[in-house]
Amino acid sequence: MDKQYAFAVILIILGVGLSQSGESDTFYIGLGTGIVAMGTLWVLIRLIKEFKKK
């Protein structure tokens, strides 16, 4: 497993944790959602680059 994939998965888990923390603060929910989106986009870009190489 590449280090970048591991970092992206850690970001996604952190984002899910922030958005499900039980706080009703919209800042943390938005921050968690943004982190999940960023990690998912990162993984998708990496996968697309890998498939273009082959």
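Reply: Here is a walk through the ring pairs and the residues around them. This is a predicted model, where local features need pLDDT of at least 70 and side-chain atom pairs count only at pLDDT 80 or more, while totals for chains, interfaces and linings use all residues. Residues are numbered from 1 along each chain as its sequence is written, and side-chain values use heavy atoms, with hydrogens and water left out.

The structure holds two aromatic pairs (rings of Phe, Tyr and Trp, the last by its six-membered ring, with centres within 6.5 Å; planes under 30 degrees apart are stacked, over 60 edge-to-face, the rest tilted). In one of them, Phe7 and Trp42 have ring centres 5.5 Å apart and planes at 70°, so they meet edge-to-face. Phe7 belongs to helix H1 (residues 3-19) and Trp42 to helix H2, so this pair ties together parts that are 35 residues apart in sequence. Helices here are DSSP runs (H or I, at least four residues), numbered from the N terminus.

Phe7 is partly exposed at 43% relative accessibility, and Trp42 is partly exposed too, at 27% (buried is under 20% relative accessible area, exposed over 50%, partly exposed in between, with a 1.4 Å probe and protein chains only).

Now for Phe27 and Tyr28: their ring centres lie 5.6 Å apart with planes at 65°, so this pair is edge-to-face. Phe27 counts as exposed at 53%, whereas Tyr28 is partly exposed at 34%.

Notes:
Helices (H or I, at least four residues) and strands (E, at least two) are DSSP runs, numbered from the N terminus.
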